[in-house]
Amino acid sequence: KRRLELIHSRLTNAGRRLPIKALSPEGAIYLSVEFALRGYRYNGQTMKTSGDVRTFLLDAAGIAVVPFDAFGADHAPDWYRLSVGAVSVADLDAAMTRLETALTGLEAPTDSAPSSSAAV
């Protein structure tokens with residue numbers, strides 16, 4: 001519970017300035033998160049697909065996520081599942097710090113608002 005609350009809190013804080021939403025933890029090891037970052041730029045590259053967002057999260061922050069479409073939820077392309085599994089609180093704290101650093105490097109879309117996905 002402590003691990004899920006840690007990442008929920010940190011992601012909710014990041015969502016105050018970026019289109020990120022984390023649902024309140026309901027399970028034992030998973031957290032559902034919306035990273036509506038398509039259209040944002042990182043290192044000169046525009047994220048156009050959910051695959052681009054996953055690559056950004058992995059390359060820039062070392063965080064792997066599973067897209068909801070892997071579970072048949074094609075209507076929610078910006079939603080992902082995070083697992084805290086056997087990760088320690090200290091490791092999760094470090095991962096959230098890496099993510100926050102990576103997110104500060106994002107450039108907002110200039111020509112239109114970021115995409116918004118359907119409700120989960």
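Reply: Helices (H or I, at least four residues) and strands (E, at least two) are DSSP runs, numbered from the N terminus. By that rule the chain has three helices and six strands, which follow one another from the N terminus as α-β-β-β-β-α-β-β-α. This is a predicted model, in which local features need pLDDT of at least 70 and side-chain atom pairs count only at pLDDT 80 or more, while totals for chains, interfaces and linings use all residues. Residues are numbered from 1 along each chain as its sequence is written, and side-chain values use heavy atoms, with hydrogens and water left out.

Leucine 58 has a relative accessible area of 46%, so it counts as partly exposed, the class between buried (under 20%) and exposed (over 50%), with a 1.4 Å probe and protein chains only. Leaving aside residues up to four places away in sequence, leucine 58 touches Ile63 and Ala64, where contact means heavy atoms within 4.5 Å. Leucine 99 stands 41 residues from leucine 58 along the chain, and their C-alpha atoms are 9.4 Å apart.

Turning to the whole chain, 38% of its 120 residues count as buried. Among contacts with a separation of 6 or more, 61% join residues 24 or more positions apart. Taken along the principal axes, the C-alpha atoms fill a box of roughly 40 × 30 × 25 Å.
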